[in-house]
Number of protein chains: 2
Amino acid sequence: MAFLVKKYGGTSVGSVERIQHVAQSLKQARDAGDDVVVVVSAMSGETNRLVAMAREVMPAVVDVRELDVLLSTGEQVTIALLTMALKELGVEARSYTGAQVRILTDNSHSKARILDIDTARIMDDIKSGRVVVVAGFQGVSEEGDITTLGRGGSDTSAVALAAALKCDECQIFTDVDGVYTTDPRVEKRARRLDRITFEEMLEMASLGSKVLQIRAVEFAGKYNVPLRVLSSFKPGDGTLITYDDEENTMEQALVSGIAFTRDEAQITVTGVADRPGTAYAILGPISDLNVEVDMIIQNIGANDTTDFTFTVHRDEYTRVIDYLKSNNDTLGATTISGDDRIAKLSIVGVGMRSHAGIASRMFRSLADAGINLRLITTSEIKISVVIDEKYIELGVRALHEEFELGADEVIES
Amino acid sequence: MAFLVKKYGGTSVGSVERIQHVAQSLKQARDAGDDVVVVVSAMSGETNRLVAMAREVMPAVVDVRELDVLLSTGEQVTIALLTMALKELGVEARSYTGAQVRILTDNSHSKARILDIDTARIMDDIKSGRVVVVAGFQGVSEEGDITTLGRGGSDTSAVALAAALKCDECQIFTDVDGVYTTDPRVEKRARRLDRITFEEMLEMASLGSKVLQIRAVEFAGKYNVPLRVLSSFKPGDGTLITYDDEENTMEQALVSGIAFTRDEAQITVTGVADRPGTAYAILGPISDLNVEVDMIIQNIGANDTTDFTFTVHRDEYTRVIDYLKSNNDTLGATTISGDDRIAKLSIVGVGMRSHAGIASRMFRSLADAGINLRLITTSEIKISVVIDEKYIELGVRALHEEFELGADEVIES
């Protein structure tokens with residue numbers, strides 16, 4: 001008997017049959033005595049259909065106020081259908097749009113931030129034994145305008161509701177059954193984690209982004225809402241994301257997971273003057289180009305100069321390197337070079353904080369596999385290296401074995 | 001320079017191209033200096049699509065609260081797209097759902113009645129020079145639940161807004177260019193009426209229902225909102241529906257239009273006791289069967305008995321006659337008979353009030369055409385006869401000529 005928020009994404013409610021399947025699962029939760037608030041996205045494909053119509057009507061600039069009015073109909077359809085499906089099963093239920101709950105946001109249309117949630121109507125329904133079905137992704141501004149929360153907004157709605165309602169857990173149902181030690185497509189021994197900390201989840205972004213929107217994880221961490229990732233299609237306990245507590249630290253593995261990403265490119269600028277403002281001189285204009293920079297490494301070069309390396313998304317590689325070369329007059333670098341066939345490989349784990357020697361185990365393991373390291377960066381709970389892209393699978397498997405993350409049995413693919 | 005409500009139905013906004021066409025017309029009205037509130041329906045086909053999904057989820061009984069949440073998304077899509085299309089043309093505009101305007105209704109989901117309209121936000125926008133785009137067919141209850149107004153709801157929304165905003169005119173755009181003296185498919189000389197009174201429009205229901213929902217006409221009459229029916233596809237002044245005033249009575253035709261309907265059936269019960277309660281004994285149970293009765297005629301029979309005739313929709317004929325026959329024990333009728341191949345033919349006109357002899361002109365004209373009259377009923381501004389269905393076109397043309405309703409030129413079909 002718990003008070004839960006359960007969030008189902010577009011794929012989980014992508015057809016009438018799937019909505020009926022979700023209603024069945026919710027009935028089971030009610031029958032088990034749980035109080036449930038459900039948050040749903042638009043049926044998969046619906047948002048694209050609406051956006052396509054908006055583009056046709058308004059080919060140039062899109063009016064964000066009206067786009068929000070349009071897109072918010074997507075979740076409104078889902079809440080009505082899911083509530084009907086629940087009632088068909090004899091489960092008392094009631095639907096609310098974001099405005100009806102009064103999920104108050106600022107008025108930044110298409111990327112609004114939640115300011116406050118009125119819990120009165122929902123709590124009345126919960127006390128009356130109803131399942132409450134809320135439209136994710138949307139809210140209402142002080143002026144009464146419909147707003148949407150932007151990418152991953154439904155996850156954020158779910159976490160914000162769980163925080164406001166003081167729920168025991170916020171469960172995010174998706175098409176994977178939890179967070180894995182690494183990508184099972186690369187390492188068949190990858191194991192589902194029962195538990196992971198918010199910090200680890202954030203550091204595993206490259207794995208996690210397929211599962212949870214980072215913004216929702218941050219939000220859950222900030223308000224200390226236990227977050228659980230589960231599959232909408234197969235049973236199981238999923239992965240629980242919480243704060244690290246004493247009890248769990250005892251049995252904490254040194255390394256929780258191996259993250260990696262292949263879509264990066266590396267750019268190195270050598271022989272620039274080692275003086276204040278150099279980093280800004282290089283990275284400021286790149287930020288102005290609207291390019292996001294991931295890793296940044298600076299090392300001491302020869303003769304009072306410094307060598308500077310950073311990574312960007314592979315799609316931006318040519319644009320950035322061309323820009324730097326054409327502006328080298330002001331920069332004064334000896335060389336500007338790069339490589340767009342690199343990959344980033346990371347180990348993540350809160351256990352690192354209290355255990356020395358993890359880094360050297362990682363480096364030795366990769367050396368034994370014959371993999372050369374090009375760049376290294378470290379944080380409190382994460383060590384990342386950049387290697388040749390072609391060695392990425394080899395590197396993932398070597399580290400997965402080194403830190404004993406494997407399942408006893410190979411996962412069926 | 002007028003303050004207008006303009007209502008566009010589902011066909012008029014049935015595609016992105018048509019929405020853009022409506023936006024162009026609205027731009028012209030703005031350029032001419034008119035202040036405009038637009039009321040729109042769901043794009044044609046959208047409501048059926050949503051209802052089909054609801055049926056799939058909830059095959060047995062439909063939950064009307066949730067059905068309203070679902071269906072109201074239809075108009076919400078249209079208001080957003082039309083507002084975008086206006087902005088694309090450089091016309092300042094803003095959209096509102098029924099709840100956002102605060103079109104307050106009772107909580108009879110799927111057939112709610114409008115109680116009050118808050119005009120504050122709309123008037124602010126109008127004063128700022130914006131076109132205001134309002135979702136028809138929907139409102140919000142005191143409790144904050146989304147409601148819909150039922151059949152013809154968007155026409156009602158438009159009229160109610162025009163009344164609340166004290167607009168000069170409520171213009172209903174549709175796929176016909178006005179109200180005709182009779183159906184042009186039957187009489188090629190049928191002529192578009194420039195003007196007609198609310199009462200005549202109500203009595204011409206069988207013609208008018210293809211053009212305007214009766215409920216909206218009643219509403220417009222009650223609040224004295226001048227109502228104009230126009231085509232969304234071709235230019236013209238349409239037909240203005242107002243109260244009869246002195247000025248117009250002067251030039252008022254005796255008969256404004258010829259209405260007819262083919263989908264009726266006649267049932268006659270003879271030889272029932274002529275005593276209080278007889279009409280109820282026959283019609284009470286029929287009303288309990290949920291069958292609507294149109295004409296009711298009672299005449300004196302032989303030996304303290306009475307003969308009773310009424311008409312029902314043709315689809316209900318067998319059910320009603322079977323019911324009466326199986327219950328004749330209590331009724332005690334001599335005969336129960338009927339005919340489902342009849343038609344009703346009516347002349348309508350406020351001029352009848354002040355002119356005698358109209359009825360005899362009608363009857364003589366039909367007699368000259370060799371048409372036998374089975375039933376006759378009269379009201380203040382309408383005379384109806386029931387005839388054999390096969391004579392209906394002949395009867396329409398005879399009366400159209402008798403009362404000189406024809407256009408000089410034959411209308412192209």
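The model is predicted, and local features are reported only at pLDDT of at least 70, side-chain atom pairs only at pLDDT 80 or more, while totals for chains, interfaces and linings use all residues. Residues are numbered from 1 along each chain as its sequence is written, chains are lettered from A and ligands numbered from 1 in the order in which they are written, and side-chain values use heavy atoms, with hydrogens and water left out.

The largest pocket has a volume of about 950 Å³. A pocket is here an open set of points on a 1 Å grid over the protein atoms alone, where a 1.4 Å probe fits and protein lies on both sides within 12 Å along at least five of seven lines; lining residues have an atom within 4 Å of a point. The volume is the space filled by probe spheres set on the points, which are joined across faces, edges and corners. Of the 35 lining residues, A:S41, A:R151, A:G152, A:G153 and A:Q213 are the closest to the centre of the pocket. Two or more lining residues come from each of α2 (46-57), α3 (64-88), α6 (153-164) and β9 of chain A. Helices (H or I, at least four residues) and strands (E, at least two) are DSSP runs numbered from the N terminus. By class, the lining holds 9 nonpolar, 17 polar and 9 charged residues, where Ala, Val, Leu, Ile, Met, Phe, Trp, Tyr, Cys and Pro count as nonpolar, Asp, Glu, Lys and Arg as charged, and the others, Gly among them, as polar.

In an unreviewed UniProt entry, the feature "binding site" is placed at A:T47 and A:E75. UniProt positions follow the numbering used here, with shortened feature names, and annotations may be inferred rather than shown by experiment. A:T47 lies in helix α2 and is partly exposed, with a relative accessible area of 28%. Buried denotes under 20% relative accessible area, exposed over 50%, and partly exposed the range in between (1.4 Å probe, protein chains only). A:E75, in helix α3, is buried at 3% relative accessibility. Leaving out residues up to four places away in sequence, A:T47 touches A:A42 and A:L71, whereas A:E75 touches A:V40, A:S41, A:A42, A:A135, A:G136, A:F137 and A:Q138; contact means heavy atoms within 4.5 Å.

For "binding site", the unreviewed UniProt entry also lists A:K7, A:Y8, A:G9, A:G10, A:T174, A:D175, A:Y180, A:R185, A:K210 and A:V211. Of these residues, A:K7, A:G9, A:G10, A:T174, A:D175, A:K210 and A:V211 are included in the pocket lining. A:Y180 is found in the loop between β9 and β10 (195-197) of chain A, and A:R185 is also in the loop between β9 and β10. A:Y180 counts as buried at 18% relative accessibility, whereas A:R185 counts as exposed at 67%. The side chain of A:Y180 makes a polar contact with that of A:D177 (2.9 Å). A polar contact is a pair of N or O atoms within 3.5 Å; within protein, one must be able to donate a hydrogen and the other to accept it, and residues adjacent in sequence count only if both atoms are side-chain atoms.

Strand β9 (residues 169-174) of chain A contains A:Q171, which is buried, with a relative accessible area of 9%. Its side chain makes polar contacts with the side chains of A:K6 (2.9 Å) and A:E169 (3.0 Å). Beyond residues up to four places away in sequence, A:Q171 touches A:L4, A:V5, A:K6, A:K7, A:R228 and A:L230.

Elsewhere in chain A, A:R314 occupies the loop between β15 (305-313) and α12 (317-326) and counts as buried at 18% relative accessibility. The C-alpha atoms of A:R314 and A:D263 are separated by 5.3 Å, although the residues are 51 residues apart along the chain.

In chain B, B:K382 lies in strand β18 (residues 382-388) and is buried, with a relative accessible area of 15%. The side chain of B:K382 reaches the backbone oxygen of B:E203 at 3.1 Å.
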